[in-house]
Amino acid sequence: VSRQPSIHPAFLLETNQFKTTTISLRFIAPFDSTSVNERALLPAILLSGTKKFPSRQRLQLEYDLLYGSEINGRVTRYGDTSIITFNCSIIEPRYLDGSIDIYSKIVELLEQVIYHPKTRKNKFVKRIVEEEKRMMKEGLESIYNDKIDYAYYRFKQVMFANERYATFETGDLATLPNVSVDSIMESYQSMIQTDAVEIALSGSSQAKELLSSLEAVFAKPWPNTSFTWIDREITKRTKPQFIKETLPIKQAKVNIGYRTHTYYNDKDVFSMFVFNAMFGDYEQSMLFQTVREKLHLAYYVQSSYNHNKGYLAIMAGVDPANEQITIDAIHHVLDTLKNGDFSDDDFQLAKNYLLEQQRRGMDSPSTLLQRHFNYNHLLGIEYDPTLFAKQLWEVSKEDVIRIANKLTLDTIYILSEDAHE
Amino acid sequence: MNKQLFERVHETLYTSVLSNGLTIKVLPKPGFVKKSASMVVKFGSIHRHFVHSFTKVEQILPAGIHHFLEHMLFESGEHDITRRFMESNALVNAYTSSNRTVYYFTTTDDLEKPLNHLLDMVLSPSFKAELIQKEQQIIEQEFNMYEDDIEQALYHDALQALYQIHPVKDEILGSIQTIRQMNQEILEFAYQVGYHPTNIELLLVGDFDPIELETMLEAMPAIQKSVTPSLYEHVVIEEPQKVCIPSVDIKKDIHISYASIALKLPSSLLQTPIQAALNEIKCNFLLEMLLGKQSRLYHQWIDQEIANDTLDYLVSIEETYGYIRITSESKKPEQLIQEMIHVLTKNLSISLDEQTFLANRNRLLGSYYRMFNRIDSMANILTDYAVKGIDVDDFVSQAMKLSVHDLDDIREWMANTQIVSLIHRS
């Protein structure tokens, strides 16, 4: 399906519902696995000091004086595209006493952070770079502390072992020591010179003023490069992989991964959403009802669908003695869906649940901005709050059955207890 | 209905007491899609000791019963309760903490049906003996889940070390032993004691008319049910000033060690609810200035590699207890603990900057505005202040009048109190 691109590099979603104006500033580039650490470190390094506000401490004081307008930066990945986002929300001037010009203050802060980082002789400060490298290292290591997170992390490493997706945008421990002040500068120059920039705002009509100020500083023409938002790479396997690792833990973590062969810009994605809800996305789902409520096998069991990579993951926490029976039960639930052996009620309830979720997002400025982004870039269409409901109602029971049969089991990963214990 | 203006944030809160003694508070939010209703039962894990008003006979509830009751209320009635809410497009949930049990739902659809379900669920439950066993199993699984959770261990071990007898030291979930003690009789007794309508507040936030809501509620069967007076009173346990265990050192399966210190507030700082709340914010301001992101020390400790950016403090002050916890991942936990203790005991010699104090006040004000951005956070803030028994807008106004010198009594106390140190070793 060919779609008309309709990119808005700067816009304001006008609303009077909130006390704040929300700012999202995005730097968009093709994902490059050789600079993944640099790009993951950049937001933190930029936020650790500027020419005028030379330390994190100094910046924090500015945020706090501005009623807690903290600037956050993070890197995310959509398919083969990498995005550095700076987010910030400020109290709308109509609530304040006017003693501070909050608009010009926040523009100055963003400009300082992005265009005037603290440098020495045109290089980033080695001490800061090393400090951020250490924090990233400790952050990556601490995934191990939460065994649910750790099991899911290992599961993804195993399932996508030979794919581009296996390089996580959050950083790579093995190559982290290679990061230098020079490689950071290279990555930074590339960000400010070649990345596409999007300025997205939600706020009252007064924020138009803020939008023009931000455009004057950050806007540039949208580049001709087209970004790839979906990653369709799939490792060929003759049979699903089964991997079990052990640690001294009490509750085994079962993770199961399926390839759905369905992606965000496919027509089938709405059927996929309904299928995922019915399968394991909420408390009335068949997995939750069977594995937890009926069989009492797990304290938690949940499925989640990643629409940019097209996989579906199930996570369950179970007694180590019940690992196999839980896996059997999960397979059984999927078979039930494949055979269309579900009630009209379950089907309608799942749709209602998704619609509820959709409507709830209307009350959140950041969700609204995210949806705007998804429609605009991933789907290449204008944001339309009614589209989701329309498409959802068209999903039939047959569609759900078809989606269930499209799934292929790829990986079963279990983090279990040490046998010696 | 009683109408109260929150001038700063341009909001109005409506309050009324229904015929059965239940207090309702309504915050209308025109334009919002989501609606939220919370039944706030002022009965949490620390409410364990009760005395009969006439006979003066004492009754002590087993640890974990509040949380167990919360689970049982989802099991009463003929149908699966969660599903009943789903069928009227509402999502229901609940939680139990030290001083409250809260049942709440949110919806973007009609309010009446789920509201009826919520009132039925909390005000007219039944306890089926055969379901008690099922819940015992589920809660045991919940134990195992938290067992591997390091954050829970940090929190629990700190409270164990600080408190000698106050029930806040016991886990909200109870223990495997106390969970096995649960039976129909004890659950019904605990329900009688804790769930009297006069001990509950119903908080409603969303796009609706308060007067219509009040009328609708008065007509609901759960409200019209007759109520017998409550015969038990909660007894506050007097906690000694001395800590229980001054120093803790535990091996855990983690990659980086944690260093923590903890302090408990004396009852002299918790005389009235508003005083307790102001002291909570004063502790927060002070700790932010001493070792928060605004401070020199925070960055110095990270530079010296004795702490990392998980360095954080937590102040929790409620009606009958209050404590402070400071914690960070650390590769040199002994050294970090020494530094932490040093900054608190020597805090009187550190001069605090007026502008930094102003920044703290501004941040507090900003977070107050931000609360009114989301239905959930509005429901949470109303819940918190209902339990604290104070008016949030009045509290913010008083906090905005604080000056740096108002921190003196907290600084004095901090310099002279006993400090618990905890290491969770990798």
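**Close-up 1. A:Arg292 sits over the face of A:Tyr299.** The distance to the ring centre is 4.9 Å. A charge counts as over a ring if NZ of Lys or CZ of Arg is within 6 Å of the ring centre and within 35 degrees of the ring normal. A:Lys156 lies over the face of A:Phe168, at 5.0 Å from the ring centre. This is a predicted model: local features need pLDDT of at least 70, side-chain atom pairs count only at pLDDT 80 or more, and totals for chains, interfaces and linings use all residues. Residues are numbered from 1 along each chain as its sequence is written, chains are lettered from A and ligands numbered from 1 in written order, and side-chain values use heavy atoms, without hydrogens or water.

**Close-up 2. Strand β9 of chain B (residues 200–206) is largely enclosed, because seven of its seven residues are buried.** Buried means under 20% relative accessible area (exposed is over 50%, partly exposed in between; 1.4 Å probe, protein chains only). Strands (E, at least two residues) and helices (H or I, at least four) are DSSP runs, numbered from the N terminus. Strand β3 (residues 23–28) of chain B pairs with β9(B) in the parallel sense over six bridges. Pairing takes at least two DSSP bridges. B:Ile24 stands opposite B:Leu202. Strand β4 (residues 35–41) of chain B pairs with β9(B) in the antiparallel sense. There, B:Met39 has B:Leu202 as its bridge partner.

**Close-up 3. Ring pairs link seven residues of chain B, among them B:Phe43, B:Phe50 and B:Tyr103, into a cluster.** Rings of Phe, Tyr and Trp (its six-membered ring) pair if their centres lie within 6.5 Å; planes under 30 degrees apart are stacked, over 60 edge-to-face, the rest tilted.
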